[in-house]
Amino acid sequence: MTTDPRFTWLFWTVWRRNLFVYRRIWTINFLPPMLEPVFYLLAFGLGFSGLVREVHWNGQTLSYTEFFAPSMLAATVMWQAFLETSYASFVRMFYQKTYDALLATPLTVEEIIIAEIVWGATRAVIAAVLMLTVIALLGYVPSLHALAILPIAFLGGLAFGAMGMATTSVTSSIDMFNLPIFLVITPMFLFSGTFFPLTGLPAWASGMAQGLPLYHLAELTRSACLGLLDASSLWHMLALAACAAIFIPLSLAGMRRRLVK
Amino acid sequence: MRSANDATDQPVLELTDVRKAYGDFEAVRGVSFAVSRGECFGLLGPNGAGKTTTIRMIYGFSPRCAGEIRLFGQDIATAFRRVKARLGVCQQGNTLDPDLSVLENLLVFAGYFGIPRAEAKARAEELLAFFALEGKKRFQYEELSGGMARRLMLARAIVNRPELLILDEPTTGLDPQSRNTLWDRLLDLKRQGMTILLTTHAMEEAERFCDRLCIIDHGRVVTEGDPAGLVAAHAGRHALEVESPEPAMAEHLAAAGARFDRSGRRLIVYGDDKAALLALRERFCAESGFLRPATLEDVFLRATGRELRE
């Protein structure tokens with residue numbers, strides 16, 4: 001007798017469930033990615049530009065807001081995907097027993113977990129598109145390369161979504177998420193060439209920052225917004241893909257251990 | 001999607017020497033039973049006896065450690081997808097989706113089985129009517145009473161038109177009205193030919209509802225049969241119950257080799273001979289003793305002991 005496949009297209013039904021719930025409160029979901037850039041650009045544009053006249057990045061001379069605006073896209077992708085597969089997935093798994101119900105259907109653990117990660121990436125893409133629109137309207141996106149933000153945000157979303165899910169698989173209580181967020185995500189948010197270019201840092205610090213997935217994502221979103229995507233962008237894509245390739249199997253193994261009893 | 005070897009006389013569900021251990025703890029130690037098509041089979045046992053573990057292995061939630069589980073003639077370990085498509089499961093706890101309304105819970109769940117949208121909609125309407133939830137279809141999760149939530153769980157469990165319905169303590173925690181409504185609906189399903197496997201602590205209901213049942217304890221099947229047969233074999237037709245009997249009574253019963261149990265201060269004597277039990281009452285406990293028909297609860301307590309399980 002043949003063995004049934006562990007993974008099929010049925011995983012879209014779980015993705016669709018999440019989209020359905022998301023759409024119901026779309027006004028609340030849409031607001032942060034649209035308002036955040038306005039607030040940040042106002043704060044940095046009005047308050048900061050007096051302190052920092054220009055920023056040198058990749059051979060370009062940029063105003064601080066030109067440098068910073070694409071960083072927000074990268075950061076949003078990270079936060080959206082990571083928070084979705086950490087807090088939100090944990091609530092579905094632990095409090096709502098949604099996974100228990102799903103496991104009584106033909107769905108497998110693998111399908112459920114991949115659907116959650118892909119959903120996290122989808123959320124990240126939606127937020128990135130909204131934010132990109134606002135940033136473009138404010139005049140910070142001079143290039144059509146910016147359309148590449150869609151696949152870039154999806155890839156980044158997969159990487160950070162997988163990191164969130166791997167964390168969820170080993171987290172015993174919801175309060176525990178403060179730890180990875182405080183120790184990993186927040187430092188990454190600050191030190192990934194998002195608020196300042198890495199070129200100003202000592203070699204050791206810049207070397208460490210280049211190991212952070214958000215650094216690669218921020219380089220990509222900045223290149224895309226400014227129309228500077230080139231062969232080196234592929235390396236950044238590869239770095240994000242590698243991150244996803246490490247954390248997706250880790251999430252699956254962790255969740256199998258956790259759910260299959 | 002039935003396979004060629006799916007003959008009608010073949011059991012819908014067959015367990016052979018199934019075992020499950022968690023580390024050193026053996027939750028299920030060799031359970032075997034079979035359920036035929038159209039039958040309602042009860043799995044009874046005290047808390048911690050291994051009922052839920054057994055059920056979880058059957059619907060593929062927990063992998064078994066040893067033994068064989070065949071559903072519709074197929075092995076759940078390899079044909080999990082094909083088998084689960086034909087199963088309906090109503091879990092013990094509430095696993096409804098709190099982010100969705102009543103109707104959406106059914107529609108989205110049908111989606112997990114790959115049921116097309118229009119078909120899902122038709123089935124959902126039908127099920128809402130069947131479970132008296134028509135007026136509640138826009139209700140959000142937090143607006144549902146315990147009884148409504150359980151009915152919705154059951155409706156959701158059969159949205160894929162399962163050939164075997166698995167119910168883990170379907171009526172626990174419900175008020176008598178909700179419980180009766182639920183049993184009525186289950187009886188309707190049974191009459192429509194649905195094969196049902198259930199666990200319950202409600203002895204009276206199991207006695208009425210199950211065609212056959214087995215009592216499991218400490219991970220093993222203690223006894224199996226039809227309710228009336230089990231009562232006759234383990235208790236007899238009548239039971240004489242006495243509150244705080246005089247010590248002489250127990251001594252007399254032990255000497256006579258009578259079938260009796262003690263439960264705290266209570267003493268229960270079983271037998272088929274009504275006259276003999278009445279004579280016993282006359283002699284030892286004319287006031288405090290009372291005669292009643294023996295029930296499945298007597299069988300259950302005899303088979304699993306009367307001490308408290310914790």
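Mentor: Let's start with one definition: a residue is buried if 20 or more other C-beta atoms lie within 10 Å of its own, exposed if 12 or fewer, and partly exposed in between. Keep in mind, too, that this is a predicted model.

Trainee: Thanks! Is helix H1 of chain B largely enclosed by the rest of the structure or exposed?

Mentor: Let's go through its residues with that definition in mind. The buried ones are B:Lys51, B:Thr52, B:Thr53, B:Thr54, B:Ile55, B:Arg56, B:Met57 and B:Ile58. That is eight of the eight residues of H1(B), so the helix is largely enclosed.

Trainee: Which strands does H1 of chain B touch where it packs on the sheet?

Mentor: Begin with the sheet itself, which is open and has four strands of chain B in the order E2-E1-E4-E5, with antiparallel pairing. Its edge strands are E2 (25–35) and E5 (74–75), each pairing on one side only. H1(B), residues 51–58, packs on this sheet at about 115° to the direction of E1(B), and the strands touched are E1, E2 and E4 (66–71).

Trainee: How many bridges join strand E1 of chain B to E2(B)?

Mentor: You can follow one opposite pair in the structure: B:Ala21 faces B:Glu26 in E2(B). Strand E1(B) covers residues 13–22 and runs antiparallel to E2(B), and the number of bridges joining them is eight.

Trainee: Now for another helix. What span does H4 of chain B reach from its first C-alpha to its last?

Mentor: Helix H4(B), residues 117–130, has 14 residues. At 1.5 Å a residue, the expected span is 20 Å, and the helix comes close to that, reaching 20 Å.

Trainee: Which residue of the E12(B) and E13(B) hairpin has a positive phi in the turn?

Mentor: First find the two strands: E12 (residues 259–263) and E13 (residues 266–271) of chain B pair in the antiparallel sense over five bridges. At one of the opposite pairs, B:Ser263 faces B:Arg266 in E13(B). Two residues lie between the strands, and the one in the turn with a positive phi, about 60°, is B:Gly264.

Trainee: Is B:His218 exposed, partly exposed or buried?

Mentor: B:His218 sits in the loop between strand E9 (212–217) and strand E10 (220–225) of chain B. Its phi is positive, near 50°, in a residue other than glycine. Because 15 other C-beta atoms lie within 10 Å, which is between the cut-offs of 12 and 20, B:His218 is partly exposed.

Trainee: How far apart are the C-alpha centres of domain 1 and domain 2 of chain B?

Mentor: The domain assignment places domain 1 at 13–230 and domain 2 at 236–294. The C-alpha trace of chain B spans about 70 × 45 × 40 Å along its principal axes. Between the C-alpha centres of the two domains, the distance is 39 Å.

Trainee: And where chain A touches chain B, which element gives the largest share of the chain A side?

Mentor: The contact brings together 22 residues of chain A and 25 residues of chain B. On the chain A side, helix H1 (11–24) and helix H4 (98–102) are the elements that give two or more residues. The largest share, five residues, comes from H1(A).

Notes
Residues are numbered from 1 along each chain as its sequence is written. Chains are lettered from A and ligands numbered from 1 in the order in which they are written. This is a predicted model: local features need pLDDT of at least 70, side-chain atom pairs count only at pLDDT 80 or more; totals for chains, interfaces and linings use all residues. Domain bounds come from an automatic or database domain assignment. Two strands pair if DSSP finds at least two bridges between them. Two residues are in contact if their C-beta atoms, placed from the backbone, lie within 7 Å. Axes are lines fitted to C-alpha atoms, for helices over the stretch in contact, and angles run from 0 to 180 degrees between N-to-C directions. The expected span of a helix is 1.5 Å times one less than its number of residues.
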